[in-house]
Amino acid sequence: QCINTLGHGQAQAGLLFAAIDFDHGLILRKIHETYPQIELVGCTTDGEMSSMLGFRQDSLSLIVFASDSIAIRAGLGREVQAAPVLAAKQAIEQATKGSDDAPKLCITLPASYNAPGETTNGELILEGLNQALGGAVPVIGGLAGDQWRFEGSFQFFNTQVLTDSLPVLTFSGDLLLSYNTGCGLQTIGPKGIVTKSTNQVLYEIDGQSAMDFYRQYLGDRPPNPECPLAVYEDNSERYYIRNPNLHDDETGSITFLGNVPQGAVVQLTEVNRNQLVSATEKSMQTAISAYPGTSPDAALLFSCCCRRWLLGTRSQEEYQRVSNLLPEGVAIAGFYTYGEFSPISSKSMNYFHQETFVTLLMGVG
């Protein structure tokens, strides 16, 4: 399919999103036999999206890029679990070495689980990328998945199949882009202020235990992905989502799949499946309105695995809604992630998200 679109030998760079059970080494070798000079990165997923197959599981999606006016470079960082900031810096240094043009976009697809219970830290990965890029470059992508097994994900870099790594693609030159996020969760109850937290562990909100704060609305139900926490940007009504993972009845604390800063304004949310799908559509509509060119050439989509779990048989609606909004001929690729990277809006800093749908539109200026 890529050959039919681009022809032989033209692909400059590519992204590969693949289910966990493929022979990934064979796939990478076959791609490089066709495109020997390609800068290729990718990862395993919790479901794939493409303009060829729509939403699928147990599939693979390859999108390739070619341009005379855009430079696309790949980089790789290793040992991302033990040293996420250093791994991020290594990846950016490799991707930008020898280039005089500053990146306009960074796509990243880091490891999530390296083994059961051994996870990477999305915030620290993002901190390292921001430091290496100077903080003003949008970082968009997602943590690799393993189809809801939570045992170990794979990342791809050229012909290598890796674990515990951080691949990136940087884009510079005559690139046009726009992006947006959507979650569709309904906030409930009053806002509160985090009065005690340490990284991912939330102890107190407004002086009461995190569990007591949740019990006001959930009763005896434990914190779960159907009631994640909205964390507000400073002096803004925009928020990002934190998904509860573990709780401790003895201490009253809740551990989330991402940091919850002390002093942050937070609010509980609840899931409405109709709103989840509508937020996907709104994310694409906003990105289309913000796109600086006539029409994008490609759309990349990153959606959280929890959204797929919550939507169930309606998961395909996320892809259907956004694809219907795009002009015919726009190449689409994406996957369901274990955590997403993106600014909340065009005027926002980069954030690490959960339960969020990210839209990225790209084209040539």
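I started with the largest cavity, which holds about 40 Å³ of space. My search of the whole structure found one cavity of 30 Å³ or more. On a 1 Å grid over the protein atoms alone, a cavity is a set of points where a 1.4 Å probe fits but cannot get out; lining residues have an atom within 4 Å of a point. A volume is the space filled by probe spheres set on the points, joined across faces, edges and corners.

I noted that this is a predicted model, where local features need pLDDT of at least 70, side-chain atom pairs count only at pLDDT 80 or more, and totals for chains, interfaces and linings use all residues. Residues are numbered from 1 along each chain as its sequence is written, and side-chain values use heavy atoms, without hydrogens and water.

Next I listed the cavity lining. It includes Ala 71, Arg 73, Asp 101 and Ser 172. By class, I counted three nonpolar, four polar and two charged residues there. Ala, Val, Leu, Ile, Met, Phe, Trp, Tyr, Cys and Pro count as nonpolar, Asp, Glu, Lys and Arg as charged, and the others, Gly among them, as polar.

Then I turned to pockets. A pocket is an open set with protein on both sides within 12 Å along at least five of seven lines. Of its 29 lining residues, the closest to the centre are Thr 5, Ile 63, Val 64, Phe 65 and Ala 331. The lining divides into 20 nonpolar, eight polar and one charged.

Last, I checked the second largest pocket, of about 500 Å³. Its lining has 14 nonpolar, 15 polar and one charged.
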